[in-house]
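Keep the structure open beside you and try each task before you read its solution.

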Amino acid sequence: MRFAGAGIAAVDAAGGGAALARIEPERIGRVYAGRRADRVLVRLEDVPPELPRALIAVEDRDFRSHHGVQPLAIARAALANLRAGRTVQGGSTLTQQLVKNFFLSNERTLRRKFTEALMALSLELHYSKEQILEAYINEVYLGQDGDRAIHGFGLGARFWFDRPLEELRLHELALLGRPGEGAVLLRPARASRNVPARAATRRCACSRAPARSRPRASRPRCAGRWAWSRAPRWRCTAYPAYLDLVRRQLAEQYPAEALRGGGLRVYTHLEPGVQAAAEQALATRLARLDGDDVLQGAVVVADSDSGALQALVGDRAARRSGYNRALDARRPVGSLVKPAVYVTALARPERYTLVTPLRDEPLRVELDGGRSWSPRNYDGRFHGRVPLIEALVHSYNVASARLGLDLGLGQVAATLERLRLPGAAGLVPADLLGALSLTPLEVTRMYQTLAAGGFDAPLRTIAAVHAADGTTLDRSGLEVRPVLDPGPVFLLDTALARVAHRRYGRALASLLPGGRSRARRARPMTCAIPGSPASTAGASPSSGSAATTTGRPA
């Protein structure tokens, strides 16, 4: 492999040039269903030998000889705690700690302690010492990442030191080797100059070296830089909004038990570079609109041809997990629904073409209950008879409403259903102008079909799923089906491209590379609804389709 600057210049195989080379993809997170806990499972034979030695030396020196319980150790700890008037010493074996962590609660009662001892004896009867030690190494609690607990040394090493467990040095293993205390030592209150000394003491216990020969300890290099409040570089949920959708789509394909204990490796379509651009675009645009961090937004980026989701942002603070606006925030979509009306008309070439005149004149629709509906244009004026293409480019509300009513609400609803939009069957006149509430993901689904020439491809996060042994369980191929006639869609795209050179999209033309005029080739852009904390925003990505909610005609 030859490098040039920061990039790879060439990859050569043994017999000559390589036609294709694959590198290990970036790990973006882990899915551990059922509990708010996460871990990286490791085998005992793959663990550095110093770690089990440290655990046994510090936690349970007689681990190899006892049968799960040490009555003398329990009595000694009880006496020490009685003298101190508080809990200063524990008498539990490693087996008892595993039972408590895996099966029981932290309740401090004699009944729980008795149950723990009986279960520890049973565990020792049914499993070997190596199996118990391996389970303990994978179960012990080592810290917290937001609302997700960090369990096991495999994940603890990555979370605290940003390296695999097998790459940790002796003093770093020693620091992690005291369950519970290791994580506490990394908090700011304990992150002082006494930590290297305590790590040295732990290392001496690991190697059973005499105290006088304690070596000088190096300061452990913590991924969080000794700041509990600052996120480490390696996080369990680097892309919480995207992983939220991955979990939902996995749940549609696999039972919870398979996700919880199957050891599946899931490969996604996430593009980290596109994701970073989407996050930056949303944060920058919202900061311009609102400096008080009140306005919210979301971005969805999908490949226009395959439907592969390349990026998804559900909050202006992209690393914050919680309410996912890209998937769950339903808002009236405004003029984004109008292309469905116009493509329905263009599918009837005997009646409508791009130059067919439409009436942009006062309209009054009588509704049930003695009510009426009278739409108005954004500029407050009427424009008489205008060509269909001009009504779309200028987003004239009245002309669009008249067109939809002439076609029939049922015909427009049928188009929306082909575009996979829910709730289209019960359209009312106001829905023709965007009273219909959709999520950014649903709008993206609609525009992906329009950008792909009328061909529908499911929006997918998952590219492939492999079992723990590497067997391919599922590989998502390209699933494309025609849902709209390509001719009317081409005419619609031609009309929509003019928006990038006239009216509200004029600024977009300067961002299009190489003089391109197709709106779906734009760089990431964002729009938002000012004045609403729950507003949604979207992106029009490079070679992708977009979900945008805006207060102005789109």
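**Exercise 1. A residue in helix 4**

Is Glu-124 buried or exposed?

*Solution.* Begin with the kind of model you are looking at: it is a predicted one.

Step 1: Find the residue. Glu-124 sits in helix 4, which covers residues 110–126.

Step 2: Compare its accessibility with the cut-off. A residue is buried when its relative accessible area is under 20%. Glu-124 has a relative accessible area of 14%, so Glu-124 is buried.

Step 3: Look at what surrounds it. Leaving out residues up to four places away in sequence, Glu-124 touches His-66, His-67, Gly-68, Thr-95, Lys-129 and Ile-132.

Step 4: Look for a polar partner. The side chains of Glu-124 and Lys-129 are joined by a polar contact of 3.0 Å.

**Exercise 2. The chain as a whole**

Describe the protein chain in terms of its secondary structure, burial and confidence.

*Solution.* Step 1: Take the secondary structure. The protein chain has 19 helices and 21 strands.

Step 1: Turn to burial. Of its 554 residues, 49% count as buried.

Step 2: Ask how far apart in sequence the contacting residues are. Among contacts between residues at least 6 apart in sequence, 64% join residues at least 24 apart.

Step 3: Check the confidence. The mean pLDDT of the chain is 77, and 73% of its residues reach 70 or more. Over residues 224–234, however, the pLDDT is below 50, and this stretch has 27 contacts in the model beyond near neighbours in sequence. Residues 519–554 also have pLDDT under 50, with 131 contacts beyond four places in sequence.

**Exercise 3. The largest nonpolar core**

Which residues of the largest nonpolar core touch the most other members?

*Solution.* Step 1: Name the residues. This core has 43 residues, and those that touch the most other members are Tyr-342, Leu-358, Leu-388, Leu-403, Leu-416 and Leu-492.

Step 1: See which elements supply the core. Those giving two or more residues are helix 14 (338–346), helix 15 (388–393), helix 16 (397–407), helix 17 (409–418), helix 18 (440–451) and helix 19 (486–497). Helix 14 gives the most, with 6 residues.

Step 2: Zoom in on one member. Neighbours within four places in sequence aside, Leu-358 is in contact with Tyr-342, Tyr-352, Gly-384, Arg-385, Val-386, Leu-388, Ala-391, Ala-399 and Leu-403.

Step 3: Look elsewhere for another core. A second, separate core has 33 residues, among them Leu-98, Leu-133, Leu-173 and Leu-176.

**Exercise 4. One face of a helix**

Why can the buried residues of helix 17 be said to line one face of the helix?

*Solution.* Step 1: List the buried residues of helix 17. They are Val-412, Ala-413, Thr-415 and Leu-416.

Step 1: Look down the axis. The buried residues of helix 17 fall within an arc of 160°, so they line one face.

Step 2: Recall a general point. An α-helix has 3.6 residues a turn, so residues three or four places apart point the same way.

Step 3: Find the packing partners. The buried residues of helix 17 pack against helix 14 and helix 16.

Step 4: Follow the chain onward. Just after helix 17, Arg-420 takes a positive phi of about 65°.

**Exercise 5. Charged pairs**

How many salt bridges does a search of the whole structure find? Work through three of them.

*Solution.* Step 1: Give the count. The search finds 19 salt bridges. In general, side chains of opposite charge can pair when their charged atoms come close.

Step 1: Take Asp-315 and Arg-320, whose side chains meet at 2.6 Å, N to O. Asp-315 is buried at 7% relative accessible area, while Arg-320 counts as partly exposed at 48%.

Step 2: Take Glu-442 and Arg-330, which meet at 2.8 Å, N to O. Glu-442 lies in helix 18 and Arg-330 in the loop between helix 13 (325–328) and strand 11 (331–332), so the pair ties together parts 112 residues apart in sequence. Glu-442 is buried at 9%, whereas Arg-330 is partly exposed at 41%.

Step 3: Take Arg-364 and Glu-366, with their closest N and O atoms 2.9 Å apart. Arg-364 is exposed at 56%, and Glu-366 is exposed at 55%.

Step 4: Look for shared partners. Salt bridges that share partners join Arg-43, Glu-45 and Asp-46 into one network.

Methods:
Residues are numbered from 1 along each chain as its sequence is written. This is a predicted model: local features need pLDDT of at least 70, side-chain atom pairs count only at pLDDT 80 or more; totals for chains, interfaces and linings use all residues. Side-chain values use heavy atoms; hydrogens and water are left out. A nonpolar core is a set of buried Ala, Val, Leu, Ile, Met, Phe, Trp, Tyr and Cys residues joined through side-chain atoms within 4.5 Å. Buried means under 20% relative accessible area, exposed over 50%, partly exposed in between (1.4 Å probe, protein chains only). Helices (H or I, at least four residues) and strands (E, at least two) are DSSP runs, numbered from the N terminus. Contact means heavy atoms within 4.5 Å. The arc is that of the directions from the helix axis to the C-beta atoms. A salt bridge is a side-chain nitrogen of Lys or Arg within 4 Å of a carboxyl oxygen of Asp or Glu. pLDDT is the predictor's confidence in each residue, from 0 to 100. A polar contact is a pair of N or O atoms within 3.5 Å; within protein, one must be able to donate a hydrogen and the other to accept it, and residues adjacent in sequence count only if both atoms are side-chain atoms.
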